[in-house]
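Hi,

Here is the model I promised to pass on.

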Amino acid sequence: MIKLSIRYINLIVLTVFVLLVFSFFLPYLFPGDLLTNITGITPETQQQREALEIAFKLDKSIFHQFVFYIENLFSGNWGVSTATQQSLKTEVALFFPATIELVVYALLFSILVGIPLGFIGGLRHHKGFDFPIVTFSIVGYSFPVFWIALIFITVFCLQLNWLPTSGRLDLLYDLPSVTGFVLIDIALSDIEDKSAAYKDAFRHLILPTLAVSVVTTALFARFVRRSIMDVMEKSYIIAAKSRGFSPWQIFLKHGFKNALIPILPILALQVSTLITNVMIVETIFSWPGIGKWLIEAIYQHDYPAIRIGMLAVSIVVMILTISTEFLTRAIDPTREKVEHATF
Amino acid sequence: MKSYLANLSRILIALLLCGCLAACEKRDIQHIKNAVVYCSESNPSTFNPQLDTSSTTADATAHQIYDRLLEFNPENGRIEPGLASSWLVSDDGLTYTFQLRRGVEFHTTAYFTPSRSFNADDVIFSIERWKNESHPYHHVNGGSYPYFDSLGLADTIKEVRRINGYRVEITLDSPDSSFLANLATDFSVMLSAEYAMKLLAEGSPSRLDRYPVGTGPFKFVQFRQNQFIRYQRHESYFRPSQGIDQLIFDITQRSSLRMAKLITGECDAVAFPSQNDLVVIEEREDLSLYEEPGLNIGYWAFNTSKPPFDNPEVRKALALAVDKTSLIDAVYLGQATRAKSIVPSTSWAYESGARELGYNPVRAREILTEVGLPANFTMDIWAMPVQRAYNPNALKMAQLIKRYLEDVGIEVNIVSQDWNLFRQNLTNGFHDSVLIGWKADNGDPDNFYRPLLTCDAIPSGTNRALWCNKDYDALIEQALLTDDIEKRRAIYHKANLLIFEQFPLMPIAHAYQYQATRADITGMEINPFGGISFERVKRIQAIQEAEVRND
């Protein structure tokens, strides 16, 4: 177990290092002025340029610059965005929670809906309720996320006029960002009518969450359905049946656990897909998350922001993936034989 | 198994119900808070319109946060008292004396509490900042004042003098009949000298243009790039009104998304509705559309500093090769009038008999052969990447022109870039020709003739033809020396002839201006002389409620 942990930590450290090296070289590869690409500041005078070059160690060797870059990253000094002249750390701290929030809701939805659907489909396969579930999972899996999002907007916002098309909360609520999670921030804020604010936040949540989770829910349902079908044909289930257990007891005692454990890593891996999809949906629903922020940074050639945004997103996705992999490995004894840490 | 199904259906029903319930209470919050959400098209580059001529900046600041000494009446273009309650012009037209309004309060915000009301020091500070290069604030935040620079106003004004606390005297070097109009434009805002001095003492003068303090109907609360600008009503505004309490600019760059938000009610009003959406807006009962002939011009400018475009004959041949009527039909969809000269028919200087070039590709080809243009000549057409009333779809227009020019044997390369970069490259003169336009900031025709084509307007980046003609400049100067409209008209007639002969640009169209709002919003008049104003905007329901309470 300790050996395993060390291997995983090792993997994280190595990957982070590779990402750091890559992100360090990005501004050298971007077009334009290197100094602006790194600092986000366009010097107005020659003195200012020289002062900045010294401050950012551009007069020293590339190795010095790299060490300086790492030091700055870890001390929280991430530079400023060329477009807004705001500290990138503040910006990432402002936008990332919105993405995480959407990921969490979409994941919860996918788990709460996708897994039960998979069980129903698998247990009743090729009968009544299985067909709509299979249809949903194939259709849901096949649609591109951005297309679903647009259809949702057309139907629920423009035609039925039920739900808002954009944002996290009506702009009229002047909500200070404390944790960055809208629902928690409302609880912490001094807004007078909190239930109205919650309702408003909820209305903004519905469509983006659904749009992101359609694909994941469909995938979850497919995996779970396949897995439970396999498990229910196992001999120990037949043995249990012959001993007179009710189908319900069999499912709870044997089916549930045995069907889920082998597919947990597959499900966990979907989280990174989910984050990617969230970033797409964010731009469509103007959800103020890191995805929308990055797309805008790309559009505005805001290289310091692209570098930090890319680094932040990839590190989060990577750590999430590796740690879920580690957790499933830890709870699934059959995989202990595999010693090497992998993605 | 049944219980799963039951659970599932319960969840689904609950979700649907929530959706419906939520839907029914949609617009309440806007009413409770008596607020208006305006979906604007982009980020203002600063919160001080002295520093920028872009209409995005003017919309977000000029009439919300600030006031001017004088104001235009949006209906007839007459100059009316603003912060100056009256003014006097000397007989020689050189001295202007302004009597200032008393008791005008500056905004009290989280970052500044004023200790005195508006007075002569603020006027002097606001003008000296852009006029006087040795002023401590002149170089703060760029030091470029494009509107004033393009008009050369800093050189026209000789002195700004304080007579007493509420009286200011401005002396000019030469008479300028558009001077009062310039003081009423979006750019001539009055800043707080007290706030500026406080910032200077704190060593953070650049905050002046980012955390603005003015006397206008709304005070600045918060700005988040690409997201929103939040304003709050200025309670002690000098023109008391029963308007809204909160104003929010929801920054939405895509025009389709702005339209969607207008339909769902997330926005109460939108900037620049696209031509295709106008029909939809007119059909819907819950939306209203306002239309007004705009003080603008869309044109095709040739870079006259670059061969072969330095030859007027080439420029004319290019214009002859293009059928203007079909451009107008295809791009403006009937929402514009054909432009003969650079001034629209709403201006008194409009000349209905002005000469213009028709569509004559045969003649165009003849000219091109005469001047000896190479057979496979290739040129760039730069198409502006943003929508403006004066050119709602420059890219499409460029493609049409490309096809016309192919007929006379010219290959066209269409260039489009990020808006800020685009404007910068135009100022650097990298283009061959560009499709762009101009929206006037005041009702005076000088506001078309001077910024579009004079020599001074080249470095300040409004003369996209980079055309510099001393005769033309002399005419434009001459037109300002008199107040007699007939005399000025005669001078502008000469200028029109000169433009026609030299042909630095091809005038295309004067577009109508549109504004779309929800039906329960009133008081959003289109201001042809500048940025949008929310001072008199109200919600109909809020008005009704107030009436009920009064009864």
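Below is what I found, chain by chain and then across the interface.

First, the housekeeping. This is a predicted model, where local features need pLDDT of at least 70, side-chain atom pairs count only at pLDDT 80 or more, and totals for chains, interfaces and linings use all residues. Residues are numbered from 1 along each chain as its sequence is written, while chains are lettered from A and ligands numbered from 1 in the order in which they are written.

On confidence, the model scores ipTM 0.75 and pTM 0.77. Within chain B, strand E5 (residues 95-100) has the highest confidence, at 94, and H1(B) the lowest, at a mean of 53. Over residues 20-26 of chain B the pLDDT is below 50, and beyond near neighbours in sequence that stretch has seven contacts in the model. Where pLDDT is low, the predicted coordinates should not be read in detail.

Chain A comes to 13 helices and zero strands; helices (H or I, at least four residues) and strands (E, at least two) are DSSP runs, numbered from the N terminus. Its C-alpha trace spans about 85 × 55 × 35 Å along the principal axes.

Helix H13 (residues 303-331) of chain A is worth a look. Its 29 residues should span 42 Å at 1.5 Å a residue, and its end C-alpha atoms are 42 Å apart, which agrees; the expected span is 1.5 Å times one less than the number of residues. Among the buried residues of H13(A) are Tyr303(A), Arg307(A), Glu325(A) and Arg329(A). The buried residues pack against helices H1 (2-29), H2 (34-39), H5 (88-123), H11 (247-284) and H12 (290-299) of chain A.

Elsewhere in chain A, Gln48(A) lies in helix H3 (residues 46-55). Gln48(A) is partly exposed because 13 other C-beta atoms lie within 10 Å. From Leu4(A), Gln48(A) is 44 residues away in sequence and 51 Å away in space, C-alpha to C-alpha.

Chain B has 19 helices and 20 strands. Its radius of gyration (taken over C-alpha atoms) is 26 Å, close to the 24 Å that the globule rule (2.2 Å times the number of residues to the power 0.38) gives for 551 residues, so chain B is as compact as a globular protein of that length. In chain B, 48% of the residues count as buried.

Now the interface: 28 residues of chain B are in contact (C-beta atoms, placed from the backbone, within 7 Å) with 28 residues of chain A. The largest share of the chain B side, seven residues, comes from H1(B). By class, that side has 15 nonpolar, seven polar and six charged residues; Ala, Val, Leu, Ile, Met, Phe, Trp, Tyr, Cys and Pro count as nonpolar, Asp, Glu, Lys and Arg as charged, and the others, Gly among them, as polar.

Cheers

Definitions and conventions
Contact = placed C-beta atoms within 7 Å. Buried ≥ 20, exposed ≤ 12 C-beta atoms within 10 Å, placed from the backbone. pLDDT = per-residue confidence, 0-100.
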